Amino acid sequence: MSNSIQDIQKQTYRYYYQDGLVELAVGILFLVIGLDTYLISSLSPGSPAAIAAWIALPLLTVGGIYGVGRFVKNLKERHVHHRTGYIEYVPKRNPYRWVISGIGLALILAVILLPYDWLQKGSVAGGTLLFIILTSIGIQVDLKRLILVGSLSLIIGAGFAFSSLSDNASLAATIAAAGLILVLTGSFSFRKYLNENPLPEEDLHG
């Protein structure tokens, strides 16, 4: 397949992320999950609040995926489709899956095999997972800011591993920090998108 066709395909899939709404929604979810994880690590075990936080974690993780999808869909229908149109996507195989899987496997093996205590911290596992997910998407759609956020997540996770925080607290801090960065990049991208793509004249008068 020629490079020009690959570029067109990437541009088509990048369109879904270009306005920043996905980053904004996922960032909010990460902030909430990070806060909940911090509560789990800081509250007295067995207390009603701690039990509620443990129950909320899988609900936020699983339900959050559906919630993010609905949230993004509603915002795109209100703010995006009238400006730059709508693209219906079909399932697509990720040509970079083996590369990303290999990187992920290498990082996991490093955590298991290398004799460094800081690699055992929850923040390292969280930062590694976020790096794999965000970088995979960024490479697939050629969106450099997602690759940057993924790389920052890995660095932040490694940084918190040297702190005095517990495993759960360091994991919470890593997830929350990544969420905050995603909220900032998503908000900036969405504001830039609105400025560059004003509503058509007929919508303004109708």
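# A walk through an all-helix model

The protein has 9 helices and 0 strands, where helices (H or I, at least four residues) and strands (E, at least two) are DSSP runs numbered from the N terminus. Along the sequence the pattern is therefore α-α-α-α-α-α-α-α-α. This is a predicted model, in which local features need pLDDT of at least 70 and side-chain atom pairs count only at pLDDT 80 or more, while totals for chains, interfaces and linings use all residues. Residues are numbered from 1 along each chain as its sequence is written, and side-chain values use heavy atoms, with hydrogens and water left out.

Start with the protein as a whole. Of its 206 residues, 36% count as buried; buried means under 20% relative accessible area, exposed over 50%, and partly exposed in between (1.4 Å probe, protein chains only). The protein exposes about 12200 Å², and carbon and sulfur atoms supply 68% of that area. Such areas come from the Shrake-Rupley method with a 1.4 Å probe, and for residues only the protein chains shown count as cover. A contact means heavy atoms within 4.5 Å. Among contacts between residues at least 6 apart in sequence, 78% join residues at least 24 apart.

Next comes the interior. In soluble globular proteins, nonpolar side chains tend to be buried together. A nonpolar core is a set of buried Ala, Val, Leu, Ile, Met, Phe, Trp, Tyr and Cys residues joined through side-chain atoms within 4.5 Å. The largest one here has 19 residues, and those with the most contacts inside it are Tyr-17, Val-26, Phe-30, Val-68, Leu-146 and Leu-182. Helices H2 (21–42), H3 (48–79), H6 (122–141), H7 and H8 (167–196) each supply at least two residues of this core. H2 gives the most, with 6 residues. Leaving aside neighbours within four places in sequence, Val-68 is in contact with Ala-25, Val-26 and Leu-29. A second, separate core of 8 residues includes Tyr-15, Val-80, Val-183 and Phe-190.

Gly-150 lies in H7 (residues 144–161) and is buried, with a relative accessible area of 0%. Leu-134 is 16 residues from Gly-150 in sequence, yet the two are 4.9 Å apart, C-alpha to C-alpha. Thr-128 lies in H6 and counts as buried at 7% relative accessibility. Its C-alpha atom is 7.5 Å from that of Ser-153, 25 residues away along the chain.

The model also has open space. Rolling a probe the size of a water molecule over the atoms shows where empty space is left. On a 1 Å grid over the protein atoms alone, with a 1.4 Å probe, a pocket is an open set of points with protein on both sides within 12 Å along at least five of seven lines, and lining residues have an atom within 4 Å of a point. The largest pocket holds about 810 Å³ of space; grid points are joined across faces, edges and corners, and a volume is the space filled by probe spheres set on the points. Of its 30 lining residues, the closest to the centre are Val-26, Leu-29, Phe-30, Leu-130 and Ile-133.

Finally, look at the loop between H8 and H9 (201–205), where Pro-198 is found. Pro-198 is exposed, with a relative accessible area of 56%.
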